[in-house]
Amino acid sequence: MLAADPSNSFLRYGLAMDLLNSGDAQAAAAEFETLIAGDPTYLAAYFHGGRAFEQLGRTDAAREIYTRGIAAAQAKGDTHTLAEIEGALALLG
């Protein structure tokens, strides 16, 4: 389905989550980055994308995606997601 509609954010998010949950953090991180590039307002991608980078041991990349997510959540006025992403960033130290 995603091949037929590559700009469908919901489908791309679902694929990225399936990859992350199946243990393929590398492919998941790439899908989250693609999702964010195409739809920077899809806030859940920042939180879970950061998680994917954390699983890969790439804390600088996780920190960067969380920081972008904080800015996106602030711009959108989504305080719930903002708090989640800020919490994830704080745990990185």
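Reader: In which helix does Arg 12 lie?

Author: This is a predicted model, and in it Arg 12 belongs to helix α1.

Reader: What makes the pair Arg 12 and Glu 31 a polar contact?

Author: The side chains of Arg 12 and Glu 31 are joined at 2.4 Å. Glu 31 is itself among the buried residues of α2.

Reader: How do you know that the buried residues of α1 line one face of the helix?

Author: The residues concerned are Ser 9, Arg 12, Tyr 13, Ala 16, Met 17, Leu 19 and Leu 20. Viewed down the axis of α1, they fall within an arc of 160°, and therefore they line one face. On the face turned away from them are the exposed residues Phe 10, Asp 18 and Asn 21. The cover over the buried residues of α1 includes α2 and α3.

Reader: How does the reach of α1 compare with the span expected for it?

Author: With 13 residues, α1 reaches 18 Å from its first C-alpha to its last, which is close to the 18 Å expected at 1.5 Å a residue. At the start of this helix, a side-chain oxygen of Asn 8 comes to within 3.1 Å of the backbone nitrogen of Phe 10. After α1 comes Gly 23, which has a positive phi near 95°.

Reader: What makes the buried side of α2 one face of that helix?

Author: The buried residues of α2 are Ala 25, Ala 28, Ala 29, Glu 31, Phe 32, Leu 35 and Ile 36. Because these fall within an arc of 165° when seen down the axis of α2, they line one face. The face turned away carries the exposed residues Ala 37 and Gly 38. Elements covering the buried residues of α2 include α1, α3 and α4.

Reader: Why is Gln 55 called partly exposed?

Author: Gln 55, found in helix α3, has a relative accessible area of 47%. Exposed requires over 50% and buried under 20%; the 47% of Gln 55 lies in between, so partly exposed is the term that applies.

Reader: Which residues is Gln 55 in contact with, leaving aside its neighbours within four places in sequence?

Author: Gln 55 is then in contact with Leu 20 and Ala 25. Leu 20 is one of the buried residues of α1, and Ala 25 is one of those of α2.

Reader: How many helices and strands does the protein chain have?

Author: The chain has 5 helices and 0 strands, and its elements run α-α-α-α-α from the N terminus on.

Reader: What share of the 93 residues is buried?

Author: Buried residues make up 42% of them. The accessible surface of the chain comes to about 4,900 Å², with 57% belonging to carbon and sulfur atoms.

Key. Residues numbered from 1 in each chain as written. Predicted model: local features only at pLDDT ≥ 70, side-chain atom pairs only at ≥ 80, totals over all residues. Heavy atoms only, no water. Buried < 20%, exposed > 50% of the residue type's maximum accessible area, 1.4 Å probe, protein only. Helix = DSSP H or I, 4+ residues; strand = E, 2+ residues; numbered from the N terminus. Arc of directions from axis to C-beta. Contact = heavy atoms within 4.5 Å. Polar contact = N/O pair within 3.5 Å; in protein donor to acceptor, adjacent residues only side chain to side chain. Areas by Shrake-Rupley, 256 points an atom, 1.4 Å probe, with all protein chains shown as cover. Expected span 1.5 Å × (residues − 1).
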